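Please open the model in your viewer and keep the selection panel at hand. The stops below follow one another, each with something to select and a note on what is there.

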Amino acid sequence: MIYLIKLNIAIAIFYIAYRLLFSNDTFFRNRRATLIGAIILSALIPLTNTSTPVDMALKENAVTDIYVTRVLPVLTVTAGTDTATTSGSGTDIARMLFAAYLSISIILVTRTAWCATTIARLARRSPCTTVDGIKVRLVEGSNTSFSFMKWIFADAATLRSAKAADVISHERTHAEQWHTADVLLGELMCAVCWPNPAAWLMRRQIKINLEYLADEHVLALGADTRTYQYHLLALSCPSEKNIAISNNFNVLPLKMRIKMMNKKRTAPQKRAKYLLLLPLAAILLAANNAETQARKIIQPAKTVIVANNKTTDDNDKTVYEASEVLPEFINNESGEKGTEALMKYLCDNVKYPLISMKSGVEGRVIVKFVVNTDGNVSDATIVGSASRNLSQKELDRIATYKRDGNEADDEPGVRIGDACNALDDEAIRVVSSTKWIPGKNKDKPVRVYFTLPINFKLQ
């Protein structure tokens with residue numbers, strides 16, 4: 001699901017950049033490469049992590065802070081009550097939404113495959129003729145012409161008309177330059193990113209630009225511009241038999257095509273603007289690396305930093321940032337497993353420290369710990385202390401206490417710093433008491449890192 005979110009965001013960003021920078025020039029080949037490259041990069045960037053792994057504290061990483069807050073399940077402990085609530089990803093709802101998302105994608109892919117199969121059957125049963133040395137398949141009564149892969153289809157009446165040469169030249173360009181590959185790539189993008197309007201708009205740009213390319217090639221071969229435009233107008237009504245994934249001579253909007261044919265060619269030096277795609281891709285890659293580093297979803301490292309802060313190659317002590325089979329919480333008393341069971345266990349066991357309540361301190365604590373091969377928790381550490389969540393008012397109070405030597409709430413030793421530490425200690429205490437089904441690599445139990453946020457909140 002995270003991959004799909006990143007993919008859709010990248011598609012939207014590239015589409016906006018394309019429309020702002022390139023949609024009005026006449027560098028049609030560059031535009032074709034840009035559109036194809038945008039789709040490929042959008043698919044690859046979320047899979048790429050080129051950042052050097054570093055052991056950064058989450059409190060110093062804003063991207064990580066946002067990710068943990070927004071994505072991971074968060075336990076909220078409210079002072080003055082005996083219960084806690086959970087918020088976060090909504091595992092069951094997320095699964096249902098993903099299943100619905102995937103189902104629609106499968107339907108769209110199936111539709112595209114069915115269209116391709118339909119054209120293939122049409123190619124097999126259609127009689128062939130040769131026009132100026134080009135093999136053309138006759139589609140009687142279609143009143144249209146189109147191409148798919150290397151196949152060119154046309155109506156017999158069209159071939160007998162004065163516009164036959166222009167039509168065949170246009171479709172031959174589509175076939176020889178493999179424009180169908182671009183169209184199929186656009187269809188696949190829309191199937192995967194179907195909720196994203198930018199994906200459908202980019203597909204439209206792909207098809208329009210392919211028509212620009214074919215029109216440009218026909219005119220370069222010597223066709224009269226005005227005569228060719230009249231031929232376009234004569235074939236402007238699409239047939240009901242037209243198939244969406246084919247390249248059509250009479251594809252709309254004609255006004256845009258005619259306007260582009262009459263447009264003054266863009267100055268060659270303006271091609272340099274396409275280099276702007278490089279920093280844009282670099283920014284997306286950097287953002288992806290930051291988010292990936294935040295989640296720590298990377299391949300298991302050969303050597304890692306363990307509790308004693310020494311690097312080791314000992315397989316018994318190796319700690320993985322992720323595993324093939326992730327650790328799963330289990331309540332030994334009830335036998336319940338999974339995220340919901342973990343949240344329930346924490347709700348029953350986390351208590352709001354009295355010292356924190358008296359000091360009026362609340363905040364989110366992020367605990368990172370190791371799930372060992374026996375299912376026990378070790379090396380629980382605070383990577384996001386409650387102290388980083390203090391408001392400006394609380395920070396001013398701390399400054400006042402440090403300056404005047406006062407104590408909070410007239411209780412000896414009760415200071416805001418102590419109250420924050422109490423929240424941290426409570427988070428470590430309850431997390432350390434949890435039991436897990438260990439993670440596995442190649443069916444072998446391994447030690448795996450796990451990160452959990454707990455939100456302490458006053459009424």
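**The largest nonpolar core**

Begin by selecting Ile 11, Phe 14, Met 189, Ala 199 and Met 202, which touch the most other members among the 31 residues of the largest nonpolar core. A nonpolar core here is a set of buried Ala, Val, Leu, Ile, Met, Phe, Trp, Tyr and Cys residues joined through side-chain atoms within 4.5 Å, and buried means under 20% relative accessible area, with exposed over 50% and partly exposed in between (1.4 Å probe, protein chains only). Now colour helix 1 (2-21), helix 2 (28-44), helix 7 (179-192), helix 8 (197-220) and helix 11 (277-295), each of which supplies at least two residues of this core; helix 8 gives the most, with eight residues. Helices (H or I, at least four residues) and strands (E, at least two) are DSSP runs, numbered from the N terminus.

This is a predicted model, in which local features need pLDDT of at least 70 and side-chain atom pairs count only at pLDDT 80 or more, while totals for chains, interfaces and linings use all residues. Residues are numbered from 1 along each chain as its sequence is written, and side-chain values use heavy atoms, with hydrogens and water left out.

Next, centre on Phe 14: leaving aside neighbours within four places in sequence, Phe 14 is in contact (heavy atoms within 4.5 Å) with Ala 38, Leu 41, Ser 42, Met 202, Leu 277, Leu 280 and Leu 284.

**Along helix 8**

Just after helix 8, look for Gly 222, which takes a positive phi of about 110 degrees.

**Aromatic pairs**

Searching the whole structure gives 13 aromatic pairs. Rings of Phe, Tyr and Trp (its six-membered ring) pair if their centres lie within 6.5 Å, and planes under 30 degrees apart count as stacked, over 60 as edge-to-face and the rest as tilted. Show Phe 27 and Tyr 274, whose ring centres are 6.4 Å apart with planes at 70 degrees, so the pair is edge-to-face. Phe 27 lies in the loop between helix 1 and helix 2, and Tyr 274 in the loop between helix 10 (254-262) and helix 11, so the pair ties together parts that are 247 residues apart in sequence. Both Phe 27 and Tyr 274 are buried.

Then show Phe 28 and Tyr 212, where the ring centres are 5.3 Å apart and the planes at 45 degrees, so the pair is tilted. Phe 28 is buried, with a relative accessible area of 2%, and Tyr 212 is buried at 5%. For a cluster linked by ring pairs, select Phe 329, Tyr 345, Phe 369, Trp 436 and Phe 450.

Move to Asp 424 in helix 15 (residues 416-432), which counts as buried at 7% relative accessibility. Beyond neighbours within four places in sequence, Asp 424 is in contact with Val 365, Ile 382, Ser 385 and Ala 386.

Finish at Gln 229, in helix 9 (residues 225-234), which is buried at 12% relative accessibility. With neighbours within four places in sequence left aside, Gln 229 is in contact with Ile 258, Met 261 and Asn 262.
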